[in-house]
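Hi,

Here is the structure I promised to pass on.

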Amino acid sequence: MASAGSLSTDDDELTLPRASINKMIKEIIPNIRVANESRELILNCCTEFIHLLSSEANDICNNQQKKTINAEHVLQALDKLGFGDYRADAEAVLRDCKAVAARRRRQSTRLENLGIPEEELLRQQQELFAKAREEQAAAEQQQWQQLQAAAQMVSMQQSSQDLDQEDYS
């Protein structure tokens, strides 16, 4: 891996956010100061580990003739690379992620939580659309009537001006 000073901008785009790494360091060792060089080294090691793990998971995925890397591929990659001790932690994180995703899916079904049948919601929506169309038509009718009244007043003013001009001739 290249040193921190010789990293190109393309390599910078492939690293973890420094703020995330700094936050993790602070959470793990809150009472210890960590030098910037050490933070950079940790960042590079984390990035390299992720590259290594994802490459190995990709190889496992390809060997199984799959097109998508899934969690099992990553867990197998941990074992194959000698990081089997982390498998239990990784599985716990996976369970947590699945639980959060399931909660989000349940929360996203707001229509089901309303207790109103979909047909009733559709009927209410159609009523609202019809009411909005009626209000729009009424507004357009009123605007047209105002234009007609204004045109009629202009016409009457022109007629009275024409009569006034004929009186002076």
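Patches here are built from residues with over 30% relative accessible area and no salt bridge, joining like charges within 9 Å and nonpolar side chains (Val, Leu, Ile, Met, Phe, Trp, Tyr) within 5 Å. Areas are Shrake-Rupley with a 1.4 Å probe, and for residues only the protein chains shown count as cover. Met24, Ile28, Ile29 and Ile32 make up a nonpolar surface patch, with about 390 Å² of accessible area together.

Bear in mind that this is a predicted model: local features need pLDDT of at least 70, side-chain atom pairs count only at pLDDT 80 or more, and totals for chains, interfaces and linings use all residues. Residues are numbered from 1 along each chain as its sequence is written, and side-chain values use heavy atoms, leaving out hydrogens and water.

Now the salt bridges (a side-chain nitrogen of Lys or Arg within 4 Å of a carboxyl oxygen of Asp or Glu): the whole structure has seven. In one of them, lysine 80 pairs with glutamate 56, with the closest N and O atoms 3.1 Å apart. That pair links distant parts of the chain, helix H4 and helix H3, 24 residues apart. Helices are DSSP runs (H or I, at least four residues), numbered from the N terminus. For burial, I use under 20% relative accessible area for buried, over 50% for exposed and partly exposed in between (1.4 Å probe, protein chains only). Lysine 80 is exposed at 57%, whereas glutamate 56 is buried at 13%.

Cheers

Conventions. Helix = DSSP H or I, 4+ residues; strand = E, 2+ residues; numbered from the N terminus.
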